[in-house]
Amino acid sequence: SQSPASLDKTIRVSDEKNKIEGKVPHGYLETVMETSLLYIGELIMNTIVAKLKIEQPSKVMQDPDRIKSLIQKPFQDFILNAIAAPAIEETLFRLVPSAFIGKKGGIRWDAGIPVSVIFALAHNLDVNEFKEFKFRKVVPLSQFIQGVFYWYLMREKGITHAMFAHSMHNSLNFIIATVFLRAFPGKTVK
């Protein structure tokens, strides 16, 4: 185990090496800021989309089963949606496709855009009352933008940044939904 002083020296040497090679070290604070801006932009965009009466796939606050889960099992819901889902989705939609194209070539939007479309459309999958999969006919614009953002993070900063940002995004949704349900029991958002 390294002492804090030697770890600090290792980090400084690594940062200096990156500067010499023209690379920018990527900290998580930058990812937090970018994710926060994405989230604020999505709130504005979703408000405009709702005013235009374009249906979005996110129906957390209208789904009685999700509301019940948020109220009765908040810890399990948080683990599933803020930790497990981002890890699985980032592996499936970012890490695996990126492994096929390799790290060379920068961001590679030619791969990132189609993968983001598939990521967005995957959020349209739903299960009906008969436990059958169905595909909702809605516009997953928010999920597409998230997919593009997570692709950028993964290609530029690494998979851990994409997972972190996805987890942060889902955590914010969880916190807002949980606070809303506790503040306004029995209410849903239309």
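The model is predicted. It contains seven helices and two strands, and along the sequence these elements follow the pattern α-α-α-α-α-β-β-α-α. Among the contacts with a separation of 6 or more, residues 24 or more positions apart account for 73%.

Helices α6 and α7 form a pair whose axes come within 6 Å and cross at roughly 150 degrees. The residues that meet across this pair are set out below.

| Helix | Residue range | Residues in the contact |
|---|---|---|
| α6 | 141–157 | Gln-146, Phe-149, Tyr-150, Leu-153, Met-154, Lys-157 |
| α7 | 159–183 | Ile-159, His-161, Ala-162, Ala-165, His-166, His-169 |

By class, the residues of this contact of α6 with α7 divide into seven nonpolar, four polar and one charged.

On the surface, a nonpolar patch is formed by Ile-40, Ile-44, Ile-48, Leu-52, Ile-54, Val-139, Leu-141 and Ile-145, which together have about 680 Å² of accessible area. Helix α2 (28–51) and helix α6 are the elements that give two or more residues to the patch, and α2 gives the most, with three residues. One of the patch residues, Ile-48, lies in helix α2; Ile-48 counts as partly exposed because its relative accessibility is 48%, a value between the 20% limit for buried and the 50% limit for exposed.

How values were computed. Residues are numbered from 1 along each chain as its sequence is written. This is a predicted model: local features need pLDDT of at least 70, side-chain atom pairs count only at pLDDT 80 or more; totals for chains, interfaces and linings use all residues. Side-chain values use heavy atoms; hydrogens and water are left out. Axes are lines fitted to C-alpha atoms, for helices over the stretch in contact, and angles run from 0 to 180 degrees between N-to-C directions. Helices (H or I, at least four residues) and strands (E, at least two) are DSSP runs, numbered from the N terminus. Contact means heavy atoms within 4.5 Å. Ala, Val, Leu, Ile, Met, Phe, Trp, Tyr, Cys and Pro count as nonpolar, Asp, Glu, Lys and Arg as charged, and the others, Gly among them, as polar. Patches are made of residues with over 30% relative accessible area and no salt bridge: like charges are joined within 9 Å, nonpolar side chains (Val, Leu, Ile, Met, Phe, Trp, Tyr) within 5 Å. Accessible areas come from the Shrake-Rupley method with a 1.4 Å probe; for residues, only the protein chains shown count as cover. A salt bridge is a side-chain nitrogen of Lys or Arg within 4 Å of a carboxyl oxygen of Asp or Glu. Buried means under 20% relative accessible area, exposed over 50%, partly exposed in between (1.4 Å probe, protein chains only).
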